[in-house]
Structures are given as C-alpha cells and as structure tokens.
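Subject: Structure handover, ligand site

Hi,

My notes on the ligand site follow below it.

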Amino acid sequence: MAIIWHKVFNLHGSGALARSLCRLLDVENGTFECSAFPDGETYLRIREDVDGLNIVILADLCRPDRRTLPLLLLAETLRDLGARRVVLAAPYLPYMRQDKRFNQGEGITSRYFARLLSHYFDGLVTVDPHLHRYGDLSEIYSIPTRTGHAAPLIADWIAAQVDRPILVGPDSESEQWVSAVARQADAPFTVLTKTRHGDREVSVSMPIIDRWPNHTPVLVDDIISSGHTMLETLSRLEALGLPGAVCIGIHGIFAEGADTALNKKAARLVTSNAIPHPSNAIDIAGPLAESIEMIE
Ligand code: R5P
C-alpha cells in the first residue's frame, strides 16, 4: 500500500527543490534548527510534533564527509521523537565510485557507506546514482531504494536549447546516460575512451564526429567532480576546430573551482538541481517525487 508522507525536512538541499518536492508530494516543510556548537559538534532541535509521521529528509550529500554526521543525527532525532518512517532523499548519492578494490589494501567505501545509511534509514531515494560495477543499489543497500532518472529532462532541455546537437560521452561509463538522452532527444551520439592517470589527470580519445558537420557538441556525464574529464574532452573538441561545446552534468560537484575553469572553456555549463549550483537548469523534483511515492 502506498505510504502517506507527512513532511519533508530539508538538510542542505536546494530550497527550490524542497519547495517543488513539497508541492508534488502535497506535504509541508518540517521545521527544525541545525547549527554547530563552538567546538563543531552538531546541535539539532525539531520544532514540531513528529510523533507517528512518515518523513522524508532531503539532503544534499555533495561534500559527504562534512554532511553525513548531521544527517544521521537528524534521522535519529526524528525517530527518537516518534517518527514512524524516516526516508532519505539524496538526489546525489556519494561514495558510489569506489566500487572495487583498485589497489591492494583499499577500502570498498561504497559498500561501507551503503551499510551505514541502511542502518539509519527506512528507505533511500536518489537520482541517477553512479552504477558502474553494481547493477542495482540493492546490491549494497539493505533498505528499499528507488532511483529517478534525469535523461528525459536533459533530452527536453537539449531539444529546446541546442540546434543540431551531437552528444558526446567522455567515457564508457557515461554511455548509459548519453545513449538514453540521445534516444529521447533524437540526436546522434558518440562515446570516447577515457584513461584515468590520477584524481586530477585523465586523457580521452579523439572524438570522431566528422559525420555530423555543423552540429553542436553536447558533452553529457553523470558527475562533474574535478572537472578534468569535461575539460580534457573540451580540449579534444577544440583541437578539431569545433565550436564551443555545451557541458551537461547531472551532478555538479565542482571540486576545487572546477566550475570556474569549465565556464571559461564551455559555451554553456548546465547541471540538474540535484546539487544546488548557479548552473542548475534541469529540475529533478518530478523524478525524485515519483521515486519517493514508489517506496513501500
Ligand atoms: C566517472 O566515470 C564519472 O562518470 C565521471 O566521468 C567522473 O566522476 C568525472 O570526474 P572528474 O570531473 O573529476 O573528471
């Protein structure tokens, strides 16, 4: 039976996304205080009665190490005050890329993070998690999970904003997103080969897109973190003498000023509001709300 949701508590999420989510779920924002004591410990106070309620915590988990502890403490406080269900809506799900032991002695942190969240929440909802070596979140999360997809919204944005697009995926992992967007936007696409030499060092193969002259390159990837994957791909396109490309990322983390570097090089930088940023142009409230409604 469908769960009746009562409140959305917004912890670090985009205000606009929280408002859309409340409207779509027909619930109100939960009121609470979250601040830090002088020594940095988290202070939390729920400002309303949550006894018996089904609650969604909307959390922006970009910069996860800083934000996860307040999130877990908020979930515990709500439960302690009588909340019946506490579900996490994390539009960007961190710790998904360390999905194997690449080097001896490393931790498979995606599994440990999943175990941690599974302990504190009754369900998890996200948008386009980085599923590379895992086929589904249920392989590592032991709670019900639902996933929303941004591809139809990205396809609509491209169809409305870009004349004759040729979509470019910078690496094999991006193929799942690029091919879905291309199909829905009725545009051609190509996928490059990426070699990662370090956190901030990547090389990508030369795009072969001369079959589509006079098209605008549109780079599509799930995550923009250091930005080097996109920057390297832009350099390749520049070397071919192609006009400025549009860069679209579902999750714009933009570590270490990556957005400044990309804004200098790209014709336009676009992200979804999964992570709040001035480049947000794609509203994922719809798929997020639908996923919440599918949690059982
Ligand atoms: C990994 O394969 C992802 O799909 C992205 O391509 C990657 O996370 C981007 O990272 P960065 O912006 O640091 O190059």
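A polar side-chain atom of Glu173 lies 2.8 Å from an oxygen atom of the ligand. I call that a polar contact: a pair of N or O atoms within 3.5 Å. The side chain of Asp171 has an N or O atom 3.3 Å from a ligand oxygen. Gly227 uses its backbone: an N or O atom there is 2.8 Å from an oxygen of the ligand. The protein covers 95% of the 380 Å² of accessible area that the ligand has on its own (Shrake-Rupley, 1.4 Å probe).

This is a predicted model: local features need pLDDT of at least 70, side-chain atom pairs need 80 or more, and totals for chains, interfaces and linings use all residues. Numbering runs from 1 along each chain as its sequence is written, and side-chain values use heavy atoms, without hydrogens or water.

The shell around the ligand has 15 residues (a heavy atom within 4 Å). Asp221, Asp222, Ser226, Gly227 and Thr229 are the closest. By class, two are nonpolar, six polar and seven charged. S13 provides the largest share, four residues.

Where does the ligand sit? In the largest pocket (more than half of its atoms within 2 Å of the grid points). A pocket here is an open set on a 1 Å grid where a 1.4 Å probe fits, with protein on both sides within 12 Å along at least five of seven lines; lining residues have an atom within 4 Å of a point. This pocket holds about 1,300 Å³ of space. Its lining counts 40 residues, with Arg97, Gln98, Arg196, Asp199 and Ser225 nearest the centre.

Best wishes

Notes. Polar contact = N/O pair within 3.5 Å; in protein donor to acceptor, adjacent residues only side chain to side chain. Helix = DSSP H or I, 4+ residues; strand = E, 2+ residues; numbered from the N terminus. Nonpolar A, V, L, I, M, F, W, Y, C, P; charged D, E, K, R; others polar. Points joined across faces, edges and corners; volume = space filled by probe spheres on them.
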